Amino acid sequence: MKWLDQITEGSARAIARRSSRRSLLGALGGLLIGASGLPLLPVARGAAKPAALSADPGDPAACEYWRHCAIDGFLCSCCGGSQSICPPGTDMSPVTWIGTCHNPADGKDYAISYNDCCGKSSCGRCFCNRNEGDTPLYRAAQSNDYNWCAGDSKTNIPYHCSTARIVGVAN
Amino acid sequence: MAFFGVAVLGTGVALGSDGAPTYSARVNYQLQCMGCHRADGSGEEGRVPSIRRTLVPFSLVPQGREFVLRVPGVAQSALNDRDVAVLLNWMARNLSDVPLPSNYVDYTALEVGRLRHNPLTTIKELRERLLRDLSVAPIG
(Lines give C-alpha, C1' and ligand atoms only; values in the text may rest on other atoms or scores of the structure.)
Protein backbone atom coordinates (compact mmCIF):
# COMPACT_ATOMS: atom_id res chain seq x y z
CA MET A 1 0.00 0.00 0.00
CA LYS A 2 3.01 2.22 -0.52
CA TRP A 3 1.11 4.18 -3.19
CA LEU A 4 -1.35 5.25 -0.49
CA ASP A 5 1.52 6.39 1.72
CA GLN A 6 3.01 8.28 -1.18
CA ILE A 7 -0.25 10.02 -2.04
CA THR A 8 -0.79 10.98 1.59
CA GLU A 9 2.82 12.11 1.90
CA GLY A 10 2.59 14.13 -1.30
CA SER A 11 -0.63 15.89 -0.35
CA ALA A 12 0.65 16.60 3.16
CA ARG A 13 3.78 18.14 1.73
CA ALA A 14 1.79 20.14 -0.80
CA ILE A 15 -0.47 21.48 1.93
CA ALA A 16 2.53 22.32 4.08
CA ARG A 17 4.08 24.25 1.23
CA ARG A 18 0.97 26.24 0.48
CA SER A 19 -0.29 26.87 4.00
CA SER A 20 0.22 30.49 4.87
CA ARG A 21 -0.11 29.85 8.62
CA ARG A 22 2.67 27.28 8.44
CA SER A 23 4.92 29.52 6.37
CA LEU A 24 4.29 32.41 8.81
CA LEU A 25 5.17 30.14 11.71
CA GLY A 26 8.17 28.92 9.75
CA ALA A 27 9.33 32.48 9.15
CA LEU A 28 8.85 33.36 12.82
CA GLY A 29 10.67 30.21 13.81
CA GLY A 30 13.52 31.19 11.54
CA LEU A 31 13.74 34.58 13.26
CA LEU A 32 13.68 32.97 16.70
CA ILE A 33 16.54 30.58 16.06
CA GLY A 34 18.51 33.09 14.02
CA ALA A 35 18.81 33.60 10.32
CA SER A 36 21.95 31.45 10.16
CA GLY A 37 19.95 28.51 11.45
CA LEU A 38 22.49 27.62 14.09
CA PRO A 39 20.95 24.98 16.33
CA LEU A 40 20.64 25.90 19.99
CA LEU A 41 20.10 22.38 21.27
CA PRO A 42 22.17 19.23 20.92
CA VAL A 43 21.73 17.87 17.44
CA ALA A 44 21.79 14.40 16.00
CA ARG A 45 24.74 14.03 13.69
CA GLY A 46 25.28 11.68 10.84
CA ALA A 47 27.09 8.43 11.43
CA ALA A 48 30.29 9.58 9.77
CA LYS A 49 32.04 12.89 9.27
CA PRO A 50 31.60 14.22 5.72
CA ALA A 51 34.58 13.64 3.51
CA ALA A 52 36.90 16.64 3.25
CA LEU A 53 36.36 18.46 -0.01
CA SER A 54 38.79 20.56 -1.92
CA ALA A 55 35.87 22.74 -3.04
CA ASP A 56 32.22 22.84 -2.07
CA PRO A 57 30.70 25.67 -4.11
CA GLY A 58 27.27 27.20 -3.84
CA ASP A 59 24.68 27.74 -1.15
CA PRO A 60 23.50 24.62 0.73
CA ALA A 61 20.18 26.36 1.34
CA ALA A 62 19.57 26.68 -2.40
CA CYS A 63 17.93 24.04 -4.57
CA GLU A 64 20.66 24.59 -7.18
CA TYR A 65 23.40 23.51 -4.76
CA TRP A 66 25.41 20.83 -6.55
CA ARG A 67 24.76 18.09 -3.96
CA HIS A 68 21.01 18.45 -4.49
CA CYS A 69 21.07 16.95 -7.98
CA ALA A 70 18.66 14.16 -6.90
CA ILE A 71 17.13 15.41 -3.68
CA ASP A 72 13.41 15.33 -2.96
CA GLY A 73 12.23 17.16 0.14
CA PHE A 74 12.83 20.14 2.39
CA LEU A 75 16.44 21.22 2.75
CA CYS A 76 17.69 20.72 6.29
CA SER A 77 19.93 23.78 5.76
CA CYS A 78 16.75 25.86 5.91
CA CYS A 79 15.31 23.98 8.87
CA GLY A 80 17.80 24.51 11.65
CA GLY A 81 20.26 21.91 10.45
CA SER A 82 22.69 21.74 7.56
CA GLN A 83 23.42 19.62 4.48
CA SER A 84 24.90 17.01 6.83
CA ILE A 85 23.38 17.65 10.28
CA CYS A 86 19.80 17.15 11.43
CA PRO A 87 17.91 19.99 13.11
CA PRO A 88 17.35 19.86 16.86
CA GLY A 89 14.61 17.48 17.88
CA THR A 90 15.00 15.24 14.83
CA ASP A 91 16.99 12.08 14.28
CA MET A 92 18.76 11.04 11.13
CA SER A 93 17.32 7.92 9.59
CA PRO A 94 20.23 5.54 8.98
CA VAL A 95 18.33 3.77 6.21
CA THR A 96 18.42 5.83 3.05
CA TRP A 97 19.30 5.87 -0.60
CA ILE A 98 22.59 7.01 -2.11
CA GLY A 99 23.22 8.59 -5.50
CA THR A 100 25.96 10.57 -7.21
CA CYS A 101 26.29 14.25 -8.09
CA HIS A 102 28.90 16.14 -10.08
CA ASN A 103 30.91 18.81 -8.27
CA PRO A 104 31.53 21.60 -10.80
CA ALA A 105 34.41 23.04 -8.77
CA ASP A 106 36.71 20.03 -8.99
CA GLY A 107 35.09 18.05 -11.81
CA LYS A 108 34.59 14.94 -9.68
CA ASP A 109 31.49 12.87 -9.01
CA TYR A 110 30.65 12.27 -5.37
CA ALA A 111 28.46 9.66 -3.69
CA ILE A 112 25.73 11.58 -1.84
CA SER A 113 23.69 10.04 0.96
CA TYR A 114 20.27 11.70 1.17
CA ASN A 115 19.44 10.80 4.77
CA ASP A 116 16.12 12.11 5.99
CA CYS A 117 15.77 13.76 9.39
CA CYS A 118 12.76 12.36 11.20
CA GLY A 119 10.53 12.62 14.23
CA LYS A 120 8.98 16.06 13.68
CA SER A 121 6.38 17.20 11.20
CA SER A 122 7.51 18.58 7.85
CA CYS A 123 9.81 21.60 7.97
CA GLY A 124 7.87 23.27 5.18
CA ARG A 125 10.78 25.47 4.01
CA CYS A 126 13.01 25.24 0.93
CA PHE A 127 11.27 22.41 -0.85
CA CYS A 128 13.55 21.04 -3.58
CA ASN A 129 12.91 18.19 -5.99
CA ARG A 130 15.57 17.46 -8.62
CA ASN A 131 15.83 14.20 -10.44
CA GLU A 132 18.95 14.30 -12.58
CA GLY A 133 19.62 10.92 -14.16
CA ASP A 134 16.37 9.54 -12.81
CA THR A 135 14.71 6.54 -14.43
CA PRO A 136 11.29 4.97 -13.97
CA LEU A 137 11.03 3.13 -10.67
CA TYR A 138 13.01 0.03 -11.59
CA ARG A 139 14.69 -0.22 -8.20
CA ALA A 140 12.90 0.94 -5.08
CA ALA A 141 16.13 1.17 -3.10
CA GLN A 142 17.36 3.87 -5.46
CA SER A 143 14.34 6.16 -5.42
CA ASN A 144 14.13 9.62 -3.92
CA ASP A 145 10.34 9.45 -3.75
CA TYR A 146 10.06 7.42 -0.59
CA ASN A 147 9.74 8.66 2.94
CA TRP A 148 12.97 7.07 4.14
CA CYS A 149 12.05 7.89 7.73
CA ALA A 150 9.84 4.82 7.54
CA GLY A 151 12.91 2.61 7.30
CA ASP A 152 14.10 3.02 10.85
CA SER A 153 12.35 1.81 13.97
CA LYS A 154 13.84 4.51 16.19
CA THR A 155 13.07 7.60 14.22
CA ASN A 156 9.41 6.91 13.39
CA ILE A 157 7.73 8.00 10.23
CA PRO A 158 7.22 11.83 10.50
CA TYR A 159 9.48 13.34 7.87
CA HIS A 160 11.06 16.72 8.64
CA CYS A 161 13.78 17.46 6.05
CA SER A 162 16.50 15.92 3.85
CA THR A 163 20.26 16.12 4.08
CA ALA A 164 22.85 15.62 1.32
CA ARG A 165 25.84 14.01 3.00
CA ILE A 166 29.00 13.28 1.08
CA VAL A 167 30.06 9.66 1.43
CA GLY A 168 33.10 9.82 -0.83
CA VAL A 169 34.36 10.34 -4.35
CA ALA A 170 32.52 8.16 -6.86
CA ASN A 171 35.33 6.60 -8.83
CA MET B 1 44.53 1.07 -12.86
CA ALA B 2 44.08 -0.16 -16.40
CA PHE B 3 42.77 -3.49 -17.54
CA PHE B 4 41.93 -5.09 -20.85
CA GLY B 5 38.96 -3.66 -22.68
CA VAL B 6 38.37 -0.74 -20.31
CA ALA B 7 39.06 2.97 -20.84
CA VAL B 8 39.88 5.17 -17.89
CA LEU B 9 38.72 8.79 -17.86
CA GLY B 10 40.47 11.69 -16.23
CA THR B 11 38.05 11.60 -13.32
CA GLY B 12 39.17 8.07 -12.53
CA VAL B 13 35.86 6.45 -13.52
CA ALA B 14 36.44 3.35 -15.61
CA LEU B 15 34.19 2.50 -18.56
CA GLY B 16 33.01 -1.02 -19.15
CA SER B 17 32.93 -2.51 -22.61
CA ASP B 18 29.42 -1.16 -23.20
CA GLY B 19 30.49 2.38 -22.29
CA ALA B 20 28.63 2.50 -18.98
CA PRO B 21 30.72 3.70 -16.03
CA THR B 22 31.94 1.05 -13.58
CA TYR B 23 32.88 2.13 -10.10
CA SER B 24 35.34 0.69 -7.62
CA ALA B 25 34.00 -1.95 -5.23
CA ARG B 26 34.08 0.59 -2.41
CA VAL B 27 31.81 2.96 -4.33
CA ASN B 28 29.56 0.16 -5.58
CA TYR B 29 29.03 -0.82 -1.97
CA GLN B 30 28.03 2.76 -1.19
CA LEU B 31 25.60 3.04 -4.08
CA GLN B 32 24.06 -0.43 -3.97
CA CYS B 33 24.24 -1.66 -0.39
CA MET B 34 25.15 0.96 2.16
CA GLY B 35 21.71 2.59 2.16
CA CYS B 36 20.38 -0.31 4.20
CA HIS B 37 23.40 -2.26 5.43
CA ARG B 38 25.17 0.86 6.72
CA ALA B 39 28.66 2.15 5.96
CA ASP B 40 30.35 -0.58 7.99
CA GLY B 41 28.03 -3.42 6.96
CA SER B 42 26.56 -3.82 10.42
CA GLY B 43 22.92 -3.48 9.34
CA GLU B 44 20.22 -3.04 11.96
CA GLU B 45 19.45 -5.75 14.47
CA GLY B 46 16.23 -7.52 13.60
CA ARG B 47 15.63 -5.55 10.40
CA VAL B 48 18.68 -5.43 8.16
CA PRO B 49 21.16 -8.34 8.23
CA SER B 50 24.72 -7.82 9.31
CA ILE B 51 27.23 -8.43 6.55
CA ARG B 52 30.09 -8.18 9.03
CA ARG B 53 29.09 -11.30 10.89
CA THR B 54 27.83 -13.54 8.13
CA LEU B 55 29.40 -12.93 4.72
CA VAL B 56 32.66 -14.74 5.40
CA PRO B 57 31.15 -17.72 7.29
CA PHE B 58 28.49 -18.16 4.60
CA SER B 59 31.10 -17.94 1.84
CA LEU B 60 32.99 -20.93 3.21
CA VAL B 61 30.22 -23.46 2.38
CA PRO B 62 28.33 -24.13 -0.88
CA GLN B 63 24.84 -23.50 0.59
CA GLY B 64 26.08 -20.24 2.07
CA ARG B 65 27.64 -19.06 -1.19
CA GLU B 66 24.42 -19.90 -3.00
CA PHE B 67 22.47 -17.87 -0.45
CA VAL B 68 24.78 -14.87 -0.89
CA LEU B 69 24.38 -14.91 -4.69
CA ARG B 70 20.62 -15.50 -4.68
CA VAL B 71 19.61 -13.05 -1.95
CA PRO B 72 17.66 -10.33 -3.79
CA GLY B 73 19.94 -7.45 -2.82
CA VAL B 74 22.77 -9.20 -4.66
CA ALA B 75 20.87 -11.11 -7.35
CA GLN B 76 18.78 -8.15 -8.43
CA SER B 77 21.40 -5.43 -8.05
CA ALA B 78 22.26 -3.15 -10.97
CA LEU B 79 25.77 -4.63 -11.12
CA ASN B 80 26.99 -7.07 -13.79
CA ASP B 81 28.32 -10.48 -12.77
CA ARG B 82 31.93 -9.37 -12.67
CA ASP B 83 31.22 -6.32 -10.52
CA VAL B 84 29.14 -8.43 -8.12
CA ALA B 85 32.04 -10.85 -7.68
CA VAL B 86 34.57 -8.04 -7.20
CA LEU B 87 32.27 -6.32 -4.71
CA LEU B 88 31.63 -9.45 -2.64
CA ASN B 89 35.34 -10.21 -2.44
CA TRP B 90 36.00 -6.62 -1.37
CA MET B 91 33.30 -6.85 1.29
CA ALA B 92 34.74 -10.10 2.63
CA ARG B 93 38.10 -8.37 3.08
CA ASN B 94 36.91 -4.97 4.30
CA LEU B 95 33.53 -5.36 6.02
CA SER B 96 33.96 -8.46 8.10
CA ASP B 97 34.33 -9.06 11.81
CA VAL B 98 35.44 -12.57 10.89
CA PRO B 99 38.98 -12.54 9.53
CA LEU B 100 39.40 -13.98 6.05
CA PRO B 101 40.56 -17.57 6.47
CA SER B 102 43.14 -19.18 4.18
CA ASN B 103 40.50 -21.44 2.64
CA TYR B 104 38.34 -18.52 1.47
CA VAL B 105 37.71 -18.83 -2.26
CA ASP B 106 37.03 -15.65 -4.21
CA TYR B 107 33.67 -15.33 -5.93
CA THR B 108 33.95 -15.30 -9.73
CA ALA B 109 31.78 -13.76 -12.43
CA LEU B 110 31.00 -17.25 -13.70
CA GLU B 111 29.75 -18.38 -10.28
CA VAL B 112 27.66 -15.24 -9.90
CA GLY B 113 26.12 -15.67 -13.34
CA ARG B 114 25.14 -19.27 -12.61
CA LEU B 115 23.09 -18.45 -9.52
CA ARG B 116 21.87 -14.85 -9.52
CA HIS B 117 19.19 -15.37 -12.15
CA ASN B 118 17.21 -17.41 -9.67
CA PRO B 119 16.67 -15.00 -6.79
CA LEU B 120 15.30 -16.26 -3.49
CA THR B 121 11.76 -15.40 -2.48
CA THR B 122 11.73 -16.95 0.99
CA ILE B 123 14.88 -15.69 2.60
CA LYS B 124 14.37 -15.51 6.35
CA GLU B 125 13.98 -19.23 6.99
CA LEU B 126 16.93 -20.15 4.82
CA ARG B 127 19.12 -17.57 6.48
CA GLU B 128 18.15 -18.80 9.95
CA ARG B 129 18.93 -22.36 8.96
CA LEU B 130 22.32 -21.34 7.68
CA LEU B 131 23.03 -19.44 10.88
CA ARG B 132 22.14 -22.52 12.90
CA ASP B 133 24.09 -24.94 10.73
CA LEU B 134 27.17 -22.76 10.70
CA SER B 135 26.83 -21.85 14.38
CA VAL B 136 26.90 -18.16 13.64
CA ALA B 137 25.23 -16.23 16.46
CA PRO B 138 21.83 -15.05 15.18
CA ILE B 139 21.99 -11.38 16.25
CA GLY B 140 21.61 -9.17 13.16
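Let's start with a sheet: in chain A, 3 strands make an open sheet in the order 2-5-7, with antiparallel pairing. Strands here are DSSP runs of E with at least two residues, helices are runs of H or I with at least four residues, and both are numbered from the N terminus. Two strands pair if DSSP finds at least two bridges between them.

This is a predicted model, where local features need pLDDT of at least 70, side-chain atom pairs count only at pLDDT 80 or more, and totals for chains, interfaces and linings use all residues. Residues are numbered from 1 along each chain as its sequence is written, while chains are lettered from A and ligands numbered from 1 in the order in which they are written.

**The sheet in chain A**
- Strand 2 (91–92) and strand 7 (159–162) of chain A sit at the edges with a single partner strand each, so one side of each has no neighbour in the sheet.
- Strand 2 of chain A pairs with strand 5 (residues 116–118) of chain A in the antiparallel sense, over 2 bridges.
- A:Asp91 has A:Cys118, in strand 5 of chain A, as its bridge partner.

**The nonpolar core**
- A nonpolar core means buried Ala, Val, Leu, Ile, Met, Phe, Trp, Tyr and Cys residues joined through C-beta atoms within 7 Å, and buried means that 20 or more other C-beta atoms lie within 10 Å of a residue's own, with C-beta atoms placed from the backbone.
- The largest such core has 60 residues, and A:Phe74, A:Ala111, A:Ile112, B:Leu88 and B:Met91 have the most contacts inside it.
- Helix 6 (residues 81–94) of chain B gives the most to this core, with 7 residues.

**Helices of chain B**
- Helix 1 (residues 25–32) of chain B packs against helix 6 of chain B at an angle of about 95°, their axes 9 Å apart.
- That makes these two helices of chain B roughly perpendicular, a label for angles of 65 to 115 degrees.
- Helix 8 (residues 124–133) of chain B is hardly covered, with 1 buried residue among its 10 residues.

**Where the chains meet**
- Contact means C-beta atoms, placed from the backbone, within 7 Å; by that rule, 16 residues of chain B touch 18 residues of chain A.
- On the chain B side, helix 1 and helix 2 (34–37) are the elements giving two or more residues.

Methods:
Buried ≥ 20, exposed ≤ 12 C-beta atoms within 10 Å, placed from the backbone. Axes fitted to C-alpha atoms, helices over the stretch in contact; angles between N-to-C directions. Parallel < 35°, antiparallel > 145°, perpendicular 65-115°, else oblique. Contact = placed C-beta atoms within 7 Å.
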